[in-house]
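Subject: A structure for you to look through

Dear colleague,

Please find below the structure that I promised to hand over, together with its sequence.

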Amino acid sequence: MPTIIVGLIFFGIIGVAAYKSRQSMKNNSCPGCSGSCSIQEKQKCGRSTKI
Amino acid sequence: MMLSQAKAGQKAIIQEITGNDKLKKFLFSLGCSEGQEIALISILAGNYIINVKDSRYAIDRKMAEIIRIN
Amino acid sequence: MKIALAGNPNSGKTTLFNAITGKTEYVGNWPGVTVEKKEAFLKNSYQTFNTSVRIVDLPGAYSIAPYTGEEAITRDFVTGENPDVIINIIDANSLERSLFFTTQLLELGIPVVIALNKQDILKRHGDAIDSNKLASLLNCSVVETVANKEKGIKRLIEVAIETASSKSIQAPPDLDFNVERNEDNARQKFTSVIVKECHVSNRDTNEISLSDRLDRIVAHKWLGLPIFFLVMWAVYAFSIEGVGGFLSEYMNEYIFGEIVPDAANAFFEGIGVSPLLQSLIVDGAIGGVGAVVGFLPLIMVLFFCLGLLEDSGYMSRVAVVMDRFFKKIGLSGKSIIPMIVGSGCAIPGVMATRTIEDINERRMTTILTPFVPCGAKIPIIALFSAVFFPNASWVGPSMYLLAIIMITLGGLLLKKIFVWENTSIFLIELPEYKIPSLKHATTQMFKHAKGFIIKATTIILVMNTLVWFMQAYGWNLRPVAMQDASILASFGGLISPLLIPLGFVGWQLAAAILTGFVAKENVVATFAVLLAVASEDALHLPGGVLAGIFNPVTGYAFLAFNLFTPPCFAAIGAMNSELGSKKWLFRAIGFQLGVGYVVAMVISQIGSIIVYGETAIGFGSSIFVLISIILLVTRLIHKSDNKVKQILAEASEGGI
């Protein structure tokens with residue numbers, strides 16, 4: 001029983017972490033890194049580079 | 001003469017910017033244009049340190065070669 | 001309600017933005033730091049009205065007519081998104097230049113409020129600006145501010161919100177087109193008249209100031225470069241081998257080496273959790289993440305020092321010093337800015353290449369910027385330096401030096417392979433030096449610390465759990481008795497033959513390199529998980545378990561390999577969006593792989609001969625690889641030479 005509870009909690013945390021990582025990877029960034037474009041800005045960024 | 005031939009410490013009035021239009025416009029937005037005062041503060045590591053309108057800029061030789069001063 | 005912050009580069013827009021939103025965006029006392037717009041909501045303590053207020057920080061611009069890419073963002077936003085009010089931040093110390101941009105903003109019809117910033121410096125110079133007169137001449141409100149000390153900010157926001165609520169239309173400036181036909185000249189006349197009326201100055205800015213005297217030393221023809229190396233050496237030695245290293249050692253040894261795992265083990269044993277899950281959590285998750293988080297103090301010290309350095313204004317001088325050398329390899333001083341930003345994280349570094357106008361120069365800078373050791377590579381450097389070079393203070397700084405050497409050599413090679421003429425012209429504003437603010441450095445430090453912890457608890461945690469599974473289970477999904485039979489070993493085994501010429505033996509290395517592409521800290525974490533089976537000792541102890549896989553020479557080569565091979569996936573993504581073409585992305589990755597591979601091979605093979613007097617493993621194959629790479633490179637150079645000749649021939653035929 002404790003194994004199941006601890007396991008659920010642990011994999012819950014991993015799940016959230018994986019989701020967050022995926023989100024920021026999609027966004028060319030790392031979780032916790034503030035150096036990148038947000039999704040909405042993507043197109044804008046792309047356009048402004050081509051001048 | 002061109003700014004590139006000036007000596008450190010020299011103050012002058014800009015006569016003409018001889019570069020292309022885009023560059024001219026850019027320099028203009030910094031206040032670097034005909035009739036403005038420019039001072040060559042020093043020449044450091046191949047760059048020209050200039051003072052225009054109370055601001056210091058480092059420009060390279062190529063850019064100094066397009067600024068004609070009296 | 002939407003408030004836009006606009007103004008010249010380095011006028012303090014981002015400082016103001018951070019002050020009123022509570023964000024900690026990257027600020028540097030040098031132009032070109034912000035290359036994209038940033039948005040956030042107004043902080044509650046400044047919220048005096050009942051509307052939600054969005055603040056948008058725009059990249060600096062000297063003019064609305066774009067010259068550089070980031071100026072175009074400003075123009076697009078201001079004209080396209082219709083903010084309710086524009087706060088135009090003006091550095092009071094360069095009033096006349098700033099007003100040129102102001103006159104353009106005033107013509108948009110959107111209400112403008114002027115923040116006359118850097119009042120403290122203005123007063124120190126003994127100058128004064130009559131802000132009431134300025135307001136009446138420009139037909140807009142003017143508020144005096146000191147953004148970095150949060151003075152006048154409350155008033156500024158109140159005025160801005162009031163102005164926006166009144167929904168008035170901004171009156172354009174009273175430009176006199178009768179005398180001057182040219183619009184720009186009319187603007188210039190207008191601003192110079194205003195300055196004459198409002199600005200009281202008793203000093204001659206053409207005179208040599210203390211800043212100029214300092215410049216003559218730090219940007220000196222011969223002294224400039226050694227001073228820069230010395231400064232970077234000091235920063236890296238102090239943070240990796242000095243205070244930062246000392247604190248990290250404590251954290252690694254006691255907190256994550258003993259206290260946390262012991263407590264976790266005791267807890268799980270107490271409540272009776274299955275040993276497999278216990279091992280997953282303690283050895284996999286805690287062990288791996290702990291090995292990375294242990295380097296937190298080091299990261300904090302490093303970014304505190306870099307924060308001080310940035311704030312002092314020294315970095316624009318570095319650009320001046322490097323310009324001459326970078327010109328030789330087809331880059332310019334502008335390329336140094338992305339590289340300095342890249343010492344924090346390669347992603348914003350790569351994005352900062354946008355300030356470079358020349359497309360070839362921008363591409364080269366994008367390819368070379370990830371060579372700078374970023375924050376994520378610091379734990380690897382610190383780990384290897386602690387294990388193989390205890391009591392040596394040169395390892396961290398030498399990595400930085402190696403990066404500069406490789407950027408130079410890499411630039412030369414790129415120029416040979418993809419021939420081009422550098423047409424870019426270099427100009428950078430030199431802000432006055434200032435005593436760096438401790439507050440700024442502290443903010444930067446905590447910001448990076450927070451980012452580091454978030455990264456460790458998300459992407460690194462996930463990867464570690466995965467790595468633990470893969471090293472504990474075989475393809476039949478049953479726990480394996482020996483790691484060598486695990487899934488991870490078979491993955492690593494696929495790549496490890498390729499690493500033999502580098503003197504790297506073992507699937508563990510290949511596995512660490514692979515996880516490193518997800519995030520560089522994973523290299524450390526993966527070793528921690530993999531080697532936890534072999535030894536109970538903490539990973540970072542001098543001569544610890546890592547010494548079973550590497551000797552100091554191959555360890556150093558492995559460091560170099562991780563430094564110069566392509567960066568993490570996120571940074572590759574950023575490179576992709578900046579390079580704008582798949583062709584160039586593949587070229588970039590190929591180039592980086594090649595450089596990392598060759599550097600590691602040379603260090604490991606030649607280093608072994610020099611240090612141990614004998615060849616490292618894989619010497620024969622390394623010679624073979626080296627010869628093939630040399631042949632490939634000469635072919636590429638030859639090909640591009642021919643292309644140039646062809647173009648020249650065609651040009652002369654067509655021309656005459």
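Predicted model: local features only at pLDDT ≥ 70, side-chain atom pairs only at ≥ 80, totals over all residues.

Residues are numbered from 1 along each chain as its sequence is written, and chains are lettered from A and ligands numbered from 1 in the order in which they are written.

The secondary structure of chain C comprises 26 helices and nine strands, where helices (H or I, at least four residues) and strands (E, at least two) are DSSP runs numbered from the N terminus. Along the principal axes, the C-alpha atoms of chain C fill a box of roughly 85 × 80 × 45 Å.

Of the 656 residues in chain C, 54% are buried; a residue is buried if 20 or more other C-beta atoms, placed from the backbone, lie within 10 Å of its own, exposed if 12 or fewer do, and partly exposed in between. Among the contacts in chain C with a separation of 6 or more, 73% join residues 24 or more positions apart, a contact being two residues whose C-beta atoms, placed from the backbone, lie within 7 Å.

The largest nonpolar core has 221 residues, and those that touch the most other members are B:Ile50, C:Leu5, C:Ile87, C:Val113, C:Ala160 and C:Ala560. Helix α19 (residues 438-472) of chain C gives the most to this core, with 13 residues. Such a core is a set of buried Ala, Val, Leu, Ile, Met, Phe, Trp, Tyr and Cys residues joined through C-beta atoms within 7 Å. If residues up to four places away in sequence are not counted, C:Ile87 touches C:Ile3, C:Leu5, C:Val113, C:Ala115, C:Leu156 and C:Ala160.

The contact between chains B and C takes 29 residues from chain B and 31 residues from chain C. On the side of chain C that touches chain B, α13(C) gives the most, with four residues, and the residues of this side divide into 13 nonpolar, eight polar and 10 charged. Here Ala, Val, Leu, Ile, Met, Phe, Trp, Tyr, Cys and Pro count as nonpolar, Asp, Glu, Lys and Arg as charged, and the others, Gly among them, as polar.

C:Val301, in helix α12 (residues 296-312) of chain C, counts as buried because it has 22 C-beta neighbours inside 10 Å. Leaving aside neighbours within four places in sequence, C:Val301 is in contact with C:Phe238, C:Ser239, C:Val243 and C:Gly244.

C:Lys118 is not a glycine, although it has a positive phi of about 60°, and its place is in the loop between β5 (112-117) and α4 (119-124) of chain C. C:Lys118 is buried, with 26 other C-beta atoms within 10 Å. C:Glu150, likewise not a glycine, has a positive phi of about 55° and is partly exposed, with 15 other C-beta atoms within 10 Å.

With best wishes
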